[in-house]
Amino acid sequence: MIEATSCGGVVIFRGKILLLFKSYKNKYEGWVLPKGTVEEGEEYPQTALREVLEETGAKASIVKYIGKSRYSFNVPEDVVEKEVHWYLMRSESYYSKPQREEHFIDSGYYKYHEAYHLLKFANERTMLERAYEEYLALKKANLWAGGKKYFIAKD
């Protein structure tokens with residue numbers, strides 16, 4: 001068994017959520033949230049911000065840690081047990097550009113109900129739900145607007 005840790009973000013700009021479409025060798029993979037592997041010496045929040053920027057081109061800031069998901073998948077001759085740490089993030093704009101090297105062929109911001117139904121994986125839909133509930137609570141309390149961080153990201 002191989003253990004792996006990744007970090008990612010539910011990135012929101014003006015109420016819409018940033019998604020990526022991955023297609024590998026013309027095989028449908030589906031819509032996903034940006035995430036990636038922790039590099040040596042990197043803290044989880046750094047990984048999440050770096051991966052969002054690399055995979056989407058979006059400049060985002062962390063608002064709050066929202067939890068982790070776990071899943072496993074098969075690779076030749078082994079099983080990977082993966083843990084992903086997720087952050088609610090605020091983007092500076094609607095700009096996004098999918099990272100072609102990682103087989104992302106499209107990206108964009110979608111309304112909550114669209115993003116929820118587009119996401120391929122149930123664990124990412126769960127994180128989207130949590131993040132969006134936090135976003136709505138912050139917005140209701142007038143804490144979402146502006147470029148300030150209101151929370152310190154903690155794991």
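This report describes the overall build of one predicted protein model, then one of its helices and one of its loop residues.

Because the model is predicted, local features need a pLDDT of at least 70 and side-chain atom pairs count only at pLDDT 80 or more, whereas totals for chains, interfaces and linings use all residues. Residues are numbered from 1 along each chain as its sequence is written, and side-chain values use heavy atoms, with hydrogens and water left out.

**The whole chain**

The protein has 3 helices and 7 strands, where helices (H or I, at least four residues) and strands (E, at least two) are DSSP runs numbered from the N terminus. Read from the N terminus on, the elements follow the order β-β-β-β-α-β-β-β-α-α. The radius of gyration, taken over C-alpha atoms, is 15 Å, close to the 15 Å that the globule rule gives for 155 residues, so the protein is as compact as a globular protein of that length; the rule itself is 2.2 Å times the number of residues to the power 0.38.

Among contacts (heavy atoms within 4.5 Å) between residues at least 6 apart in sequence, 69% join residues at least 24 apart. Further values for the whole protein are set out below, where buried means under 20% relative accessible area, exposed over 50% and partly exposed in between, with a 1.4 Å probe and protein chains only.

| Property of the protein | Value |
|---|---|
| Span of the C-alpha trace along its principal axes | about 50 × 30 × 25 Å |
| Buried share of the 155 residues | 44% |

**Helix H1**

Helix H1 covers residues 44-56, and at 1.5 Å a residue its 13 residues should span 18 Å, which agrees with the 18 Å between its end C-alpha atoms; the expected span is 1.5 Å times one less than the number of residues. The buried residues of H1 include Pro 45, Ala 48 and Val 52, and also the charged-type residues Arg 50, Glu 51 and Glu 55. The buried residues of H1 pack against several strands, among them E1 (2-13), E5 (60-75) and E6 (78-91). After H1 comes Gly 57, whose phi is positive, near 75°.

**Residue Glu 92**

Where does Glu 92 lie? Glu 92 sits in the loop between E6 and E7, and it is exposed, with a relative accessible area of 59%. Leaving aside neighbours within four places in sequence, Glu 92 is in contact with Phe 13 and Lys 59. The C-alpha atoms of Glu 92 and Ile 12 are separated by 9.1 Å, although these residues are 80 residues apart along the chain.
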